[in-house]
Amino acid sequence: MRTTISKQFRWEMGHRLPFHEGLCRNIHGHSYEAHVVLSGELDQHGMVMDYFDMKLLIQDKIDELDHCFLCDQSDTVVRQFLEQHQLKAVLVPFPTTAENIAHMLLNHVVSRLPKNHKLDAVRLRVYETEKTFAEVECAL
């Protein structure tokens, strides 16, 4: 029987969208929350995946992002400032929208799935605020 499980993760992170016409062009931050959702068949122990193992799929990435500034590599203005002041930053090759962050985290999770899993889908939802989120899904 197909079953779905979910685990939440939280972190604080700054970013900006240099192309944006409004306030998001400015340096700002969010209290992010990600929901990792796994769907598939139960194993012999009645689990889709142990929640501890589920945490191992993404916790290192959450730790990397926590209290960092996520910076698009093409944002040379902020990138130079972050480097000059030796601030915690993670450079990425894309605009730092919630949609792109969700894709990045989903790819990270999928790349770390054990070979013997019985999963058929992974979904990842990133809340940028308590009222806004982006969600991506991958069929396996």
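Visitor: Over how many bridges do strand β3 (residues 68–72) and β4 pair?
Guide: This is a predicted model, in which local features need pLDDT of at least 70, side-chain atom pairs count only at pLDDT 80 or more, and totals for chains, interfaces and linings use all residues. Numbering starts from 1 along each chain as its sequence is written, and side-chain values use heavy atoms, leaving out hydrogens and water. Two strands pair if DSSP finds at least two bridges between them. β3 and β4 run in the parallel sense, and their bridges number four.

Visitor: In β4, which residue is the bridge partner of phenylalanine 69?
Guide: Strands (E, at least two residues) and helices (H or I, at least four) are DSSP runs, numbered from the N terminus. Look across to β4 for the partner of phenylalanine 69: alanine 89.

Visitor: What is the order of the six strands in the open sheet?
Guide: Pairing in this sheet is mixed.

Visitor: At about what angle to β5 does helix α4 (residues 98–111) run?
Guide: Axes are lines fitted to C-alpha atoms, for helices over the stretch in contact (heavy atoms within 4.5 Å). Angles go from 0 to 180 degrees between N-to-C directions. α4 lies across β1 (2–15), β2 (28–41), β3, β4, β5 (119–129) and β6. Its angle to β5 is about 145°.

Visitor: Where is histidine 67 found?
Guide: Most residues other than glycine have a negative phi. Histidine 67 is not a glycine, yet its phi is positive, at about 55°. The residue sits in the loop between α2 and β3.

Visitor: Is glutamine 86 buried or exposed?
Guide: Glutamine 86 is in the loop between α3 and β4, with a positive phi of about 50°. Exposed means over 50% relative accessible area, with partly exposed between that and buried (1.4 Å probe, protein chains only). At 75%, glutamine 86 is exposed.

Terms used: Buried means under 20% relative accessible area, exposed over 50%, partly exposed in between (1.4 Å probe, protein chains only).
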